[in-house]
Amino acid sequence: MILNISGVMLLGTVVFLFFRKDGLKGSHATVCSLFGFYLSSTAVAPSIKAGGASLASLLGGLNF
């Protein structure tokens, strides 16, 4: 649950920065959000979730 919330916050921040700084239009952000909602209800959603969890564990294991 914590990973999902922090992921949403991270991606939301990235979208906000793109919107403010790089000229992302509101309509583009809306289409991306709707695509995400529709994608989450397809058969590929578990694979995407597993890939995100794998990436998070990989990044969490990095030592600086």
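The accessible surface of the protein, a predicted model, amounts to about 5600 Å², and carbon and sulfur atoms account for 74% of it. Accessible areas were computed by the Shrake-Rupley method with a 1.4 Å probe, and for residues only the protein chains shown count as cover. Of the 64 residues, 3% are buried. A residue is termed buried under 20% relative accessible area, exposed over 50%, and partly exposed in between (1.4 Å probe, protein chains only). A nonpolar surface patch of about 640 Å² is formed by Leu55, Leu58, Leu59, Leu62 and Phe64. Patches consist of residues with over 30% relative accessible area and no salt bridge, with like charges joined within 9 Å and nonpolar side chains (Val, Leu, Ile, Met, Phe, Trp, Tyr) within 5 Å. A salt bridge is a side-chain nitrogen of Lys or Arg within 4 Å of a carboxyl oxygen of Asp or Glu.

Residues are numbered from 1 along each chain as its sequence is written. In this predicted model, local features need pLDDT of at least 70 and side-chain atom pairs count only at pLDDT 80 or more, while totals for chains, interfaces and linings use all residues; side-chain values use heavy atoms, with hydrogens and water left out.

The protein contains three helices and zero strands, in the order α-α-α from the N terminus. The radius of gyration is 14 Å, well over the 11 Å that the globule rule gives for 64 residues, so the protein is more spread out than a compact globule. This radius is taken over C-alpha atoms, and the globule rule is 2.2 Å times the number of residues to the power 0.38. The C-alpha trace spans about 35 × 35 × 15 Å along its principal axes. Helices (H or I, at least four residues) and strands (E, at least two) are DSSP runs, numbered from the N terminus.

Helix H2 comprises residues 26-39 and includes valine 31, which is exposed at 54% relative accessibility. The C-alpha atoms of valine 31 and valine 8 lie 16 Å apart, with a separation of 23 residues along the chain. Tyrosine 38 also belongs to helix H2 and is exposed, at 61%. Between tyrosine 38 and glycine 23, 15 residues apart along the chain, the C-alpha distance is 25 Å.

Helix H3 covers residues 45-60 and holds leucine 59, a member of the nonpolar patch that is exposed at 52% relative accessible area. Glycine 52 is likewise placed in helix H3 and is partly exposed, at 37%. Although 45 residues separate glycine 52 from glycine 7 in sequence, their C-alpha atoms are 9.1 Å apart in space.

The mean pLDDT (the predictor's confidence in each residue, from 0 to 100) is 80, and 92% of the residues reach 70 or more. Where pLDDT is low, predicted coordinates should not be read in detail.
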